[in-house]
Amino acid sequence: MKFITLMILVPLLCLRICLGGEVVVYTSEDKVFSEPVLQQFEKKTGIKVRAIYDTEETKSTGLVNRLIAEKDNPQADVFWSGDPVRPVLLEMKGITTPYISSSAADIPEIYKDNEGHWTGFSARARIILYNTSLISMDEKPLSLFDLTKPEWKGQVAIANPLFGTTSIHMAALFITLGDEKARKFLQDLKANGVKIVSSNGEVKRLVARGEVIVGLTDTDDANVVIQEGSPVKLVFPDQQDMGTLIMPNMVCLIKNSPNPDNGKKLIDFLLSKEVEKSLAWAPCAQMPLRYDVRTPADVVTIDAIKGMDIDYHAVAQKLDEIGEFLKQWAGY
């Protein structure tokens with residue numbers, strides 16, 4: 001009986017793969033958030049998705065290095081980046097190929113490459129997370145620079161600045177503040193006993209447990225720990241000054257990929273209103289880049305936050321320039 005069942009199921013599976021084919025996507029978006037979206041695509045199109053996920057500790061960097069190593073023999077069709085800068089790095093290295101998706105027509109131009117090498121959707125923001133059992137709302141820090149003050153000595157956590165969104169944040173600060181002021185901020189932060197931990201997820205856990213009072217992390221991590229009932233709240237920092245770093249997801253098509261047509265179909269799907277709505281209502285609570293996508297009441301819309309004025313190409317270049325300084329600062 002088992003043999004007969006296999007004889008029926010295997011041809012059906014082969015038929016599905018042959019009809020729809022497959023698409024290979026590398027993604028640094030958390031698996032718990034990206035996998036349901038990719039499953040929606042499979043169900044909608046019949047195209048089999050082979051997804052390779054990054055680790056929490058090497059967010060984005062691990063997959064970018066893999067894509068660079070595979071440049072002459074690409075294995076991936078699409079790179080879905082959880083931050084807006086790694087695709088720019090890949091573009092600069094000649095690893096992406098232009099694709100302008102019709103699904104992105106109503107996404108604001110500032111989140112799209114003019115030549116179509118990358119396109120943004122659904123954003124997160126870098127925030128200050130604080131423990132409400134340890135400080136009151138009146139005591140909360142409102143600026144990154146507040147974290148260098150004596151009252152926060154030894155009570156601030158930040159993820160390893162060599163990876164993920166923390167590295168993007170560092171590069172954005174160097175561009176916005178200038179090298180000298182950015183270096184001084186980081187040196188003051190270190191002198192104030194900042195705790196450098198493995199990931200944004202670890203930052204949120206330390207704050208939630210009260211092992212530190214505040215931490216720098218992303219809105220998706222903050223929203224998850226808030227939904228868990230932890231005594232924490234978040235602050236969008238520097239709203240009266242330079243603004244908060246806004247970080248859309250970015251998606252790009254890999255040059256000479258094995259399944260480019262299916263890659264384009266996946267990109268079309270990821271850039272749809274349907275996906276922006278899904279990510280807004282998911283536990284990651286990401287902010288749609290479109291203004292007409294319905295969101296939960298507790299998801300801040302992108303036009304309600306003053307964002308840092310940055311150019312993603314400039315951030316990518318600066319990230320490369322400050323790598324050695326960040327290694328020394330973090331003690332690696």
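Author: Let's start with helices: they are DSSP runs of H or I, at least four residues, numbered from the N terminus. This is a predicted model, where local features need pLDDT of at least 70, side-chain atom pairs count only at pLDDT 80 or more, and totals for chains, interfaces and linings use all residues. Residues are numbered from 1 along each chain as its sequence is written, and side-chain values use heavy atoms, without hydrogens and water.

Reader: Which helix gives the largest share of the lining of the largest pocket?

Author: Rolling a probe the size of a water molecule over the atoms shows where empty space is left. A pocket here is an open set of points on a 1 Å grid over the protein atoms alone, where a 1.4 Å probe fits, with protein on both sides within 12 Å along at least five of seven lines; lining residues have an atom within 4 Å of a point. In this model, helix 11 leads with five residues. Helix 3 (61–69), helix 4 (86–92) and helix 12 (323–330) are among those that supply at least two each.

Reader: What volume does the largest pocket have, and which residues are closest to its centre?

Author: Volume is the space filled by probe spheres set on the points, joined across faces, edges and corners. That comes to about 490 Å³. Of its 20 lining residues, Thr61, Arg86, Leu89, Leu319 and Asp320 are the closest to the centre.

Reader: How big is the area buried between domain 1 and domain 2?

Author: The size of an interface is often given as the accessible area lost when the parts come together. Here, using a 1.4 Å probe and summing over both parts, it's about 1600 Å², with 58% from carbon and sulfur atoms.

How values were computed. Buried area is the accessible area (1.4 Å probe) that two parts lose on being put together, summed over both.
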